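Subject: Structure for you to look at

Dear colleague,

I am passing on the structure we talked about, and below it you will find notes on what came out of it. Please read them with the model open beside you.

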Amino acid sequence: MKLYKMKLYNIVFSPTGGTQKVAVLLTKALAGEAAAIDLTDSKQDFSAIRLTQEDVALIAVPSYGGRVPAVAVERLTAMHGQGARAVLVCVYGNRAYEDTLVELEDAAQKAGFRVIAAVAAVAEHSIARQFAAGRPDAQDAAQLAAFGEKIQAKLSADDLSEPDLPGNRPYKKAGGAGMVPKATKACNRCGVCAAECPVQAIHKEDPTKVDEKACISCMRCVAVCPQGARRVNPLLLSAAGLMLKKVCSERKDCELFL
Ligand SMILES: Cc1cc2nc3c(=O)[nH]c(=O)nc-3n(C[C@H](O)[C@H](O)[C@H](O)COP(=O)(O)O)c2cc1C
């Protein structure tokens with residue numbers, strides 16, 4: 001057993017907190033001291049992060065259009081996994097996650113991680129929030145706790161076998177959501193959104209100005225605004241809701257790949 005030396009890293013890209021909730025539920029069942037690495041932080045130098053073979057990393061990202069958000073791939077691949085074992089986590093809004101896990105596997109391996117398990121789980125849809133509202137819920141929590149125990153058993157057994165993950169290579173074409181949140185009249189230019197934006201798309205002195213090309217439609221600015229003063233065009237939002245209704249409504253459960 002090498003577990004006494006193991007350090008657990010939670011490497012998470014979670015603009016609106018759903019992915020983080022899943023990561024926390026899963027981590028509870030894993031032994032070890034957890035250190036947080038926030039992939040949404042645009043100011044961090046990820047190339048300075050080095051793990052060791054003894055470490056275990058939970059790498060959690062949301063699915064955007066069935067892919068890993070490009071900025072998360074960029075930041076993850078800058079890190080040095082150096083043989084650390086990785087548990088991949090893809091969190092989606094109850095539509096589908098398509099090629100997210102295989103893309104995440106490729107990025108993790110490129111960074112030097114050894115992938116030993118993967119999980120797909122559902123959290124509230126961060127754009128159309130009526131879908132998967134309230135998730136992860138108690139049923140998800142119980143499933144994720146059980147998954148965590150199975151993953152822990154695989155780690156303790158020093159089993160390094162790679163899981164078979166669903167998804168295609170080449171990956172599906174990445175498409176932007178095209179939903180750029182704008183400031184409303186209630187904006188008091190406090191600058192919280194600009195500081196928190198994972199891609200620095202919001203002007204620091206005048207947060208009503210947004211670089212629409214840089215925006216990844218992650219909705220973090222909407223989630224963090226203390227005034228509730230950022231929103232997506234309501235017409236666009238209701239059109240997206242209608243489009244997603246059929247594919248997002250039926251409950252999808254968490255999945256484990258060992
Ligand atoms: C730009 C964008 C694209 C998304 N694409 C998908 C998708 O293809 N399938 C899906 O089920 N959910 C999709 N979602 C929903 C998120 O994957 C889901 O809400 C996730 O929990 C968000 O993570 P966060 O709360 O950590 O930000 C998308 C959300 C955004 C913002």
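How close do the axes of helix 1 and helix 4 come, and at what angle do they cross? They come within 7 Å and cross at roughly 50 degrees, where axes are lines fitted to C-alpha atoms, for helices over the stretch in contact, and angles run from 0 to 180 degrees between N-to-C directions.

Before going further, please note that this is a predicted model, in which local features need pLDDT of at least 70 and side-chain atom pairs count only at pLDDT 80 or more, while totals for chains, interfaces and linings use all residues. Residues are numbered from 1 along each chain as its sequence is written. Helices (H or I, at least four residues) and strands (E, at least two) are DSSP runs, numbered from the N terminus.

Val22, Leu25 and Leu26 of helix 1 meet Ala141, Leu144, Ala145, Phe147 and Gly148 of helix 4, two residues being in contact if their C-beta atoms, placed from the backbone, lie within 7 Å. Seven of the residues in this contact are nonpolar, one is polar and none is charged; here Ala, Val, Leu, Ile, Met, Phe, Trp, Tyr, Cys and Pro count as nonpolar, Asp, Glu, Lys and Arg as charged, and the others, Gly among them, as polar.

For helix 2 (residues 70–78) and helix 3 (residues 100–110), the axes come within 8 Å and cross at roughly 25 degrees, which means that helix 2 is roughly parallel to helix 3. In this pair Val73, Leu76 and Thr77 from helix 2 meet Ala107, Ala108 and Lys110 from helix 3, and the contact divides into four nonpolar residues, one polar and one charged.

**Domains and ligand**

The chain is divided into domain 1 (3–167 + 250–257) and domain 2 (182–231), with bounds that come from an automatic or database domain assignment. Their centres, taken over C-alpha atoms, are separated by 26 Å, and nine residues of domain 1 are in contact with nine of domain 2.

Around the ligand there are 27 residues, of which Gly18, Thr19, Pro62, Gly93 and Arg95 come nearest (a residue is near a molecule or strand if its C-beta atom, placed from the backbone, lies within 6 Å of it).

Best wishes

Methods. Angles under 35 degrees count as roughly parallel, over 145 as roughly antiparallel, 65 to 115 as roughly perpendicular and the rest as oblique.
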